[in-house]
Amino acid sequence: MDLYKIIRPLLFSLDAEKAHNLVFWLSERFQDWPTIAEPKEYPDLKTSLAGLTLRNPLGLAAGMDKNARLLPLWKSLGFGFVEIGTVTLKPQEGNPRPRLFRVTESQSLINRLGFNNDGALAIAKRLENRPDDFVVGANIGKNKETPNEAASRDYQESFAILSPMVDYITINISSPNTPGLRSLQDPILLKELLKKISRQRSQYRQDNLPIFLKLSPDIDPLDAEEIVGIVSGEGFSGLILTNTTTDLGLLPESERSWLGEQPGGLSGPLLFDRSFWLQQHFLKFTKDKMPIISCGGITSGADLRKVLAGGAAAAQIYTSFIYQGPKVIRKCLDFISED
Ligand SMILES: Cc1cc2nc3c(=O)[nH]c(=O)nc-3n(C[C@H](O)[C@H](O)[C@H](O)COP(=O)(O)O)c2cc1C
């Protein structure tokens with residue numbers, strides 16, 4: 001029985017963020033209970049990613065569990081790995097509400113949360129109780145009030161606090177909801193930032209800790225070759241492609257009109273083609289030497305197969321989990337496990 005099918009109408013009758021908070025509140029209380037169904041293991045899908053061993057290649061994308069509150073649940077639902085965050089150095093509230101919107105017809109979300117999270121210290125403390133044998137990455141960003149010129153300090157300090165607690169770090173410079181953040185993707189600023197983070201990693205003797213860079217689907221494709229050069233030159237492990245897009249033109253006309261122009265980032269199936277295209281474009285320059293994690297609009301086993309066959313080392317989902325519930329994990333993994 002698909003329990004999510006029954007509770008989804010109730011959740012979708014609530015404001016999207018309230019529904020999210022309610023599910024988290026309940027799950028936190030029940031996640032340590034013996035699970036109703038043991039997660040299905042897929043020994044044939046075990047894979048490696050930048051030196052890490054993943055039990056399968058399907059992970060939970062950043063933004064769902066910003067504060068690392070439900071790690072045992074993600075493990076027991078069958079995800080191959082999870083990325084917590086975005087975590088900022090200091091705790092912050094994020095943007096005023098409402099700031100998360102469902103576009104149900106196209107199974108999409110628009111969010112302008114703005115990195116609401118408990119801050120690096122509190123989250124590192126929570127990670128002391130993280131489950132074993134389950135790959136956990138931390139996605140880090142800068143506080144809203146930190147100017148871009150000082151952003152590297154935020155990243156370095158968050159790196160120092162969180163890197164001993166996780167299996168990999170993701171540098172997020174691609175969320176559309178922190179003003180100016182995405183300009184750090186400019187190759188000149190990017191090189192400066194990654195150099196400083198790389199130095200920090202050496203100082204902390206964490207040279208073997210994989211670091212990924214998460215990019216926006218809206219970057220100029222002409223920058224791809226230079227970005228790959230910088231990322232590999234600074235000893236980073238790989239890329240996550242992509243974050244949400246600000247191109248609300250991807251929405252069908254009918255949905256744009258009722259929604260109005262909600263500033264924020266669009267996620268879900270409308271993003272798939274763009275993210276996949278960018279992944280293929282970057283692969284021309286990474287030439288299989290640097291793993292790419294595909295993220296953006298994956299909703300089915302066929303999508304997952306397409307991105308993996310297209311060269312991605314692993315994949316992440318967020319929005320399809322909201323619309324389909326936990327069964328999307330098994331649906332995707334069963335499909336590719338038949339290959
Ligand atoms: C509500 C919401 C919050 C998100 N928060 C973050 C975040 O804090 N950091 C981040 O790197 N990406 C964040 N993302 C982006 C996702 O990690 C992912 O890159 C994007 O949603 C595309 O994947 P999807 O189509 O499977 O959702 C968020 C996405 C959503 C929908």
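1. Leaving aside neighbours within four places in sequence, Glu234 is in contact with Lys191, Leu194, Lys195, Ser198 and Arg201, where contact means heavy atoms within 4.5 Å. Glu234 itself sits in the loop between H7 and S10. With 11% relative accessibility, Glu234 counts as buried; buried stands for under 20% relative accessible area, exposed for over 50%, and partly exposed for what lies in between (1.4 Å probe, protein chains only).

2. A word on the model before going on. This is a predicted model, in which local features need pLDDT of at least 70 and side-chain atom pairs count only at pLDDT 80 or more, while totals for chains, interfaces and linings use all residues. Residues are numbered from 1 along each chain as its sequence is written, and side-chain values use heavy atoms, with hydrogens and water left out. Helices (H or I, at least four residues) and strands (E, at least two) are DSSP runs, numbered from the N terminus.

3. Now to the helices. Two packed helices are described by the angle between their axes and the distance between the axes. H6 (residues 187–203) and H5 (residues 151–162) pack at an angle of about 25°, with their axes 10 Å apart. Here the axes are lines fitted to C-alpha atoms, for helices over the stretch in contact, and angles run from 0 to 180 degrees between N-to-C directions. That makes H5 roughly parallel to H6 (angles under 35 degrees count as roughly parallel, over 145 as roughly antiparallel, 65 to 115 as roughly perpendicular and the rest as oblique).

4. Which residues of H5 and H6 make the contact? From H5 come Ser152, Tyr155, Gln156, Phe159 and Ala160, and from H6 come Leu193, Lys196, Ile197, Gln200 and Arg201. By class, the contact of H5 with H6 has five nonpolar, three polar and two charged residues. In this scheme Ala, Val, Leu, Ile, Met, Phe, Trp, Tyr, Cys and Pro count as nonpolar, Asp, Glu, Lys and Arg as charged, and the others, Gly among them, as polar.

5. H6 also packs with helix H7 (residues 224–233): their axes come within 10 Å and cross at roughly 10°. That makes H6 roughly parallel to H7. Pro187, Leu190, Lys191 and Leu194 in H6 meet Glu226, Ile227, Ile230 and Val231 in H7. By class, this contact of H6 with H7 has six nonpolar, no polar and two charged residues.

6. How many aromatic pairs does a search of the whole structure find? The search finds eight. Rings of Phe, Tyr and Trp (its six-membered ring) pair if their centres lie within 6.5 Å; planes under 30 degrees apart count as stacked, over 60 as edge-to-face and the rest as tilted. One of the pairs is Trp74 with Phe321, which is edge-to-face at 5.7 Å centre to centre and 75° between the planes. This pair links distant parts of the chain, 247 residues apart, with Trp74 in helix H3 (residues 71–77) and Phe321 in helix H11 (residues 319–324). Trp74 is buried at 2% relative accessible area, and Phe321 counts as buried at 10%. Both belong to one aromatic cluster formed by Phe24, Trp74, Phe79 and Phe321.

7. Being four residues apart in helix H9 (residues 272–286), Phe272 and Phe276 are separated by about one helical turn. Phe272 is buried, and so is Phe276.

8. Some backbone spots deserve a glance. Most residues other than glycine have a negative phi, and most peptide bonds are trans. The peptide bond from Arg97 to Pro98 is cis, with omega near -5°; Pro98 is in the loop between strand S4 (81–87) and strand S5 (100–103). Another cis bond runs from Leu241 to Thr242, with omega near 20°, and Thr242 lies in the loop between strand S10 (238–241) and helix H8 (253–259).

9. Is Phe115 buried or exposed? Phe115 counts as buried, at 5% relative accessibility, and has a positive phi near 55°. Phe115 lies in the loop between strand S6 (108–111) and helix H4 (120–126). Arg205 also has a positive phi, of about 50°, although it is not a glycine. Arg205 counts as exposed, at 76% relative accessibility, in the loop between H6 and strand S9 (211–215).
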